[in-house]
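The sequence and the structure are shown first.

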Amino acid sequence: MAEVYVMANQKGGVGKTTTVFNLGVALTRLGQRVLLVDLDPQASLTVYSGFEPDDFEKTVYHCLLRDAPVERTAAGTPFGPDLLAANLDLSLAEFHLMNAIARERRAERMLEAVQDRYDFILLDSQPSLGLLTLNALAASDQVIIPVACEFLSIRGTAALLRLIAKVQGQLNQDLAIAGILPTLFDNRTNHGHRMLHDIQQEFPEIPLYPFPVNRSIRFPESAARREPIFDNANDIPGAEAYWRLAEALCGRVRT
Ligand SMILES: Nc1ncnc2c1ncn2[C@@H]1O[C@H](COP(=O)(O)OP(=O)(O)OP(=O)(O)O)[C@@H](O)[C@H]1O
Ligand SMILES: [Mg+2]
């Protein structure tokens with residue numbers, strides 16, 4: 001059975017997609033079988049993975065709403081993981097889901113048939129708390145919350161935590177918060193350290209990964225080159241953080 005993780009935060013630009021992509025690649029390089037699922041109509045994960053969203057005739061939209069089988073719709077990527085792509089079709093999904101039967105459980109149902117094909121399924125979610133994100137949370141075992149080490153970034157996290165609690169109460173009692181992953185951390189500034197400290201203080205009951213992902217221009221550079229960070233700048237602390245996160249998911253602790 002695959003372990004299903006979702007990266008969720010309704011704040012935009014905090015590194016959800018960067019985390020899904022690089023974590024997925026790192027996991028495959030540790031020998032795991034990985035499926036990435038793009039649940040954001042912006043389709044950034046599809047682009048990061050080296051594809052043109054409009055080149056896909058069938059995408060996650062068809063799996064969610066038309067019962068297209070995931071195993072025939074997902075594509076291999078050059079980096080290891082398989083990808084269930086998205087394109088703008090997905091922007092219609094929230095609307096069509098409104099009238100669908102068991103509308104919060106479509107993603108869960110969609111993934112049932114591929115649970116044995118993968119060790120990890122990583123879901124990328126959009127920056128909103130709508131039906132697509134609700135579907136992603138209902139389908140997941142664990143949620144990782146990337147939080148930027150920036151002013152105002154923890155505002156709004158409380159709303160996400162309330163939604164997670166609702167999902168735990170009504171849709172998916174097994175959903176666990178794996179942890180908050182601090183992102184865009186600037187080690188050189190007091191502000192960065194202050195923000196990291198604030199995240200720790202604000203959510204004492206939630207595990208915090210002890211390896212913030214440092215801010216580095218190499219991330220947007222790698223994204224523009226459609227490469228995982230490891231192929232472009234494996235020696236930077238941010239790449240190291242993603243290796244450590246992958247190892248944490250595999251239950252390995254480096255000595
Ligand atoms: N550690 C980092 N250092 C510097 N830039 C980063 C880092 N992580 C991500 N970025 C950049 O920040 C931008 C937003 O990242 P990303 O797309 O992963 O965020 P997101 O949370 O998925 O955004 P959205 O909410 O719009 O889906 C991208 O340009 C990405 O390359
Ligand atoms: Mg994104």
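Strand S1 (residues 3-7) runs parallel to S5, and five bridges join them. Within this pair, Val4 stands opposite Ile121 of S5. The model is predicted.

S5 also pairs with strand S2 (residues 34-39), in the parallel sense and over six bridges. Here Leu36 stands opposite Leu122 of S5. Strands S3 and S4, in turn, run antiparallel and are joined by two bridges, with Gly76 opposite Asp82 in S4.

| Strand pair | Sense | Bridges | Residues standing opposite |
|---|---|---|---|
| S1 and S5 | parallel | five | Val4 and Ile121 |
| S2 and S5 | parallel | six | Leu36 and Leu122 |
| S3 and S4 | antiparallel | two | Gly76 and Asp82 |

The whole sheet is open and has seven strands, in the order S3-S4-S2-S5-S1-S6-S7, with mixed pairing. Strand S3 (75-76) and strand S7 (176-183) are at the edges; each has a single partner strand, so one side of each lacks a neighbour in the sheet.

How is strand S5 (residues 120-125) placed, covered or open? S5 is mostly covered, with six of its six residues buried. Phe120, Leu122 and Asp124 point one way from the strand, while Ile121, Leu123 and Ser125 point the other way, and all are buried.

H1 packs on it and touches S1, S2, S5, strand S6 (142-148) and S7, and the direction of H1 makes about 165° with that of S5. Helix H7 (residues 131-138) lies across S1, S2, S5 and S6 and runs at about 160° to S5.

H1 also meets another helix. The axes of H1 (residues 16-29) and H12 (residues 237-250) come within 9 Å and cross at roughly 60°, which makes H1 oblique to H12. The crossing of H1 and H12 is right-handed. On the H1 side the contact is made by Asn22, Leu23, Ala26 and Leu27, and on the H12 side by Tyr242, Trp243, Leu245, Ala246 and Leu249. Of the residues in this contact, eight are nonpolar, one is polar and none is charged.

Away from these elements, Leu90 is found in the loop between strand S4 (82-84) and helix H5 (93-98). Is Leu90 buried or exposed? Leu90 is buried, because 25 other C-beta atoms lie within 10 Å and the cut-off for burial is 20 or more. Not counting residues up to four places away in sequence, Leu90 touches Pro41, Thr59, Val60 and Tyr61. Leu90 and Asn9 are 81 residues apart in sequence and 19 Å apart in space, C-alpha to C-alpha.

Methods
Residues numbered from 1 in each chain as written. Chains lettered and ligands numbered in written order. Predicted model: local features only at pLDDT ≥ 70, side-chain atom pairs only at ≥ 80, totals over all residues. Axes fitted to C-alpha atoms, helices over the stretch in contact; angles between N-to-C directions. Helix = DSSP H or I, 4+ residues; strand = E, 2+ residues; numbered from the N terminus. Parallel < 35°, antiparallel > 145°, perpendicular 65-115°, else oblique. Left-handed = near helix turned anticlockwise from the far one by under 90°. Contact = placed C-beta atoms within 7 Å. Nonpolar A, V, L, I, M, F, W, Y, C, P; charged D, E, K, R; others polar. Buried ≥ 20, exposed ≤ 12 C-beta atoms within 10 Å, placed from the backbone. Pairing = 2+ DSSP bridges.
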